[in-house]
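User: Could you take me through some strand pairings and a helix residue in this model?

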Amino acid sequence: ARALTPQTAETDAIRFLVGTQSLRYDNQIHIIDFDDENNIINKNVLLHQVGEIWHISTSPADKGVLATCYNKTSDTKVMTCAAVWRMPKELESGSHESPDDSSSNTQTLELLCHLDNTAHGNMACVMWEPMGDGKKIISLADNNILLWDLQESSAKAVLSSSTALEGKGQLKFTSGRWSPHHNCTQIATANDTTVRGWDTRSMRQIYCIENAHGQLVRDLDFNPNKQYYLASCGDDCKVKFWDTRNVTEPVKTLEEHSHWVWNVRYNHSHDQLILTGSSDSRVILSNMVSISSEPFGHMVEDDELSDQEDQHQEEKIKEPLQDSVIATYEEHEDSVYAVEWSSADPWLFASLSYDGRLVINRVPRALKYHILL
Amino acid sequence: MAAATAGSGAGSGASDSPEATGGSSGGGGWRRPHGPLQRYYGPSTAEAAEAPPDPTDINGPHFDPEVFMTKVRSECPLGQLLAREAALSREIRALDSDMQTLLYENYNKFISATDTIRKMKVDFRHMEAEMDDLAANMAAISASSARVSAALQDRHRRGAQLAGVQALLRKLQALVEVPGRLRRWAGTEPARALRCHARARAVLRHYRHLPSFRAIEDESHAIMAELAQRLRTRLRCETLDPKELTECVEMLLQLEEPAEELSEEFLSQAGARLEAELAALEAELPAADPSGTATTPPPPASDILDFVDRGSSAFVGTLCQLASSYRALFGGDSGRLEPFAAALAARYFALLERRLALERGLGDTSLLVRALDRFHRRLRALLELLPAGADAAAALVARAARERVDRYLRALQTFFLGCLGDVRQALAAPRPPGKEGPGLPDLLATLAASVLGQLKAVLAYVQLFTARDVAFASLPYFKGEFCVTAVREGLVVAFVRWLCRTARGFADGPAERGAPAAPPALLLLLSRLCLDYENSTISYILTLTDEQFPPQDSGPAVTPGPALCAEARAAAQRLLDHYVQVQGAAVAQMLRKSVETRDWLGTVEPRNVRAVMKRVVEDITAIDVQVGQLFEEGVRRAQSSDSSRRAFSVYSSSRAPGRYAPSYTPSAPMDTHLLSNIQKLFSERIDIFSPVEFNKVSVLTGIIKISLKTLLECVRLRTLGRFGLQQVQVDGHYLQLYLWRFASDERVVQGLLDEVAASAAHRCLDPVPMEHSVVELICERG
């Protein structure tokens, strides 16, 4: 299984969606609820019969709406398509029924619309407008960026604009992220070793990091608090942090993994926490204080008279943490293809490996208090 | 008895030593009769000590006739008494005749002596009369001489008076002549005039109350004043050589000109002269270029030795001369001299420094050393006068030496880069087919040897600075700090560090952005070089350095060899890791492209191993050869004897439905891969991009791991048809067949290939694996 996403619109319960990959059986979407207080995992299964799921994402506005990229296999051809789905009402906010109930009554997703890609090729991923009302999505199909408008309560997807990446060779987007900054007008995409930034209004390229990694770039993420900061990871085992205003040199490079890094994620509220998953079967949580939006170093004196809370907060950070690896999680036995922070609890994250194991972990308590206090 | 004594005295007078003759029995014939007498009068000390006084011994000194008689009478029978009596009377007769002989002899002598005395008496009577005559004559002579001297006394007194007057007159004459002489000499021989004046001055001053003398004095004063004036003008206007200058000032001093003023004059004159010399020196230097725009300064007219030579002979010599004459002239007061000399010396140093700065190139170090040596020697004379300059001079020399060492460091670096360039070219040069280019070991040996040779040569050059015959080598700086800080740390350690850094730079620097990446062979070569440095070269170099430049015990801390070794090792490790990554990435890229571009669904039944796999094996074999040239084989883990058997077991197990076709129950999807998970629990985790060891097997294992892991991940991204799976199976087996021997642990290869096969099966729509025998057949055919 490769597809994992938090339920973005949900802010109370800790909930992840996992899509399965199986060529020979009906694929499913598992809704994983984690009860933090009782340490209980609750699971609901939705059938996704159209094919194995390669990518999954949820609407930031509507808890029940999600999009998947799935493989449609015929005898001689594999086509990756994308569709927007709605899950049954009762599952939207999680059902706290007894677990044995859920195993019996698997429910089916309700198809809202297909993102028609017959002209554009295989869908690599679907991105929702981060702050939007769940009306705009962007999908990457081979070398095309497609911006869709969802109309009639998502029942219809209209291609509002698109652009194609031209160049020699077979160009193919591998991944992309929608920036939450600049009024949500920017996205970043990765193809081969290059990271590109695009403006969604004009559909023009705004920056390009050539050779961002020595090999294929696997994933990207935007710093949620610093608008020009971008993290990327790739097959050269490195995680790099970029300032998009200066694309010649990375701001920082991490080399902790011993194989391809498949996923990199900023924590949504504390952007010094970086989560990476790699095919060396490890998940690494790093603390990048020096390039985060957190005040770095001792700056109490300057704003002594600033508001009480800030001051209080800053005073506690007596010894700023150095950039360091906080923890390495080795629970997985196979390659980790996806890591995600919970949308509800900023101290909780899930990782998913090839063999289908989902592991939920917490940020170490000591660090949590250190950051908070 | 008395007669006997006298005779004995005469006898003893005739003989040399009575004791000695008495002791020896074998003397001349006529001595024999003396024997008993002798014994009687002069008993030898030995005999005396030996026997107690025996009154019966007839020859002993304590003879008592009564006792003797009593004894003889009482002891001896009559016959014996008679015999004894006869013997005694015989003996007495003999003694009597002896005595007579002696008496005659002495009597003759006595008579001749009496004759002589009588003759003497007659002569003395004559002499007395003559002596009286003599006394009378002498009295007459003394009376007449007294008369003569009384007559001459008056004349003598007048003569003496006249002589005194003449001397006085001569002196006066000299005094009168003084002005004339002064005038005559003032022009041509001021020194003589001065002497003359000095002689006359005291007298004149004494008699100045007399008007005539006053006139003379005044005149001579006037002349001397004029002379002084002339000397002053000379002092001021003309350029005098130091000797003249000294003379001039000396004369002025004798003329009682104020010393203060004179010393100032002297210094200013000397200053002007020295300035001129400095200016001459400066003229040789190219004009200072404040803007720094001049492209390259023209080569200096003369070499540095010449420059220093001239500088020291002209400037330093003059300065010394002047300073010593100043000392001589103005006494020990050097309050003014020191700052003066210091200022000038500082300017000289500055000039020399500028000249040294011109020595850009490496030129001839021995020349530089000799120049510095000469400078230092020459300066030593000056420094006795000017202790403050010592530090500055030493610092100057030290700076120059330091500068030179830095140059050498840079030259070494350039040299090394040049060597590297050569190596790169040699590596990149297209090789004519059939003819092998120079092997990596040759290149490595050449590189190492040339770098080491260059380093040694540089050390030899630098050693000139501390050679025994160089004067400044005995400075504490050159003994201690120079050896340690400049040479050991600044040159050797810095070079080794730089080398490691440069080598690392090949691994870190170009990475993926810009700059042509170093060819992998170069990485390998450098890695080996660094490793060699760690193993032997560093310690060798350091030992060599310490030998040539023995460090002082109390000297500053030095970088220990192990630290350098560690650096070199780290660099070597980094390079080798990078090499593995680069080569691994190259192979991996090939595999990835091959997997990504193929249509795995629509592929036909495999007949052959794919070409790319053959290529991979070829590449890895080539890498194996390459690495094998430089690194040792390394250890393998114990291998199973039959690899094909293992492969068979894997594929037979892969046919087990439980693993690839898991019973997919919605309720327990997490258990689908339980079997493989359990298996993995027991197998080791494989770190793909992990550091490798310095041996061939480890390097190859690293590369293979990277390649196979890539294959695994790529296969997982694809969807395969039945024949696709079979193709992967064939390829996997092929790799297995050819790659296991490169890896340190066959199981690593095995494990990764197993996973590839498993993933392929999992990603397959129709997982029907090929018969193992067919797979083997295809592989063998390929």
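**Strand pairing and burial**

Analyst: A:Ala82 stands opposite A:Leu115, which lies in strand 9 of chain A. Strands here are DSSP E runs of at least two residues, and helices are H or I runs of at least four, numbered from the N terminus. This is a predicted model, in which local features need pLDDT of at least 70 and side-chain atom pairs count only at pLDDT 80 or more, while totals for chains, interfaces and linings use all residues. Residues are numbered from 1 along each chain as its sequence is written, chains are lettered from A and ligands numbered from 1 in the order in which they are written, and side-chain values use heavy atoms, with hydrogens and water left out.

User: How many bridges join strand 7 to strand 9 in chain A?

Analyst: Five, and the two strands run antiparallel. Strands count as paired if DSSP finds at least two bridges between them. Strand 6 (residues 65-73) of chain A is also antiparallel to strand 7 of chain A, joined by nine bridges; A:Lys72 has A:Met79 as its bridge partner.

User: Why is strand 7 of chain A largely enclosed?

Analyst: Seven of its nine residues (78-86) are buried, so the rest of the structure largely encloses strand 7 of chain A. Buried means under 20% relative accessible area, exposed over 50%, and partly exposed in between (1.4 Å probe, protein chains only).

User: Changing topic, is B:Ala341 buried or exposed?

Analyst: B:Ala341 is buried, at 5% relative accessible area. B:Ala341 belongs to helix 12 (residues 337-358) of chain B. Between B:Ala341 and B:Gly271 the C-alpha to C-alpha distance is 8.8 Å, with 70 residues separating them in sequence.
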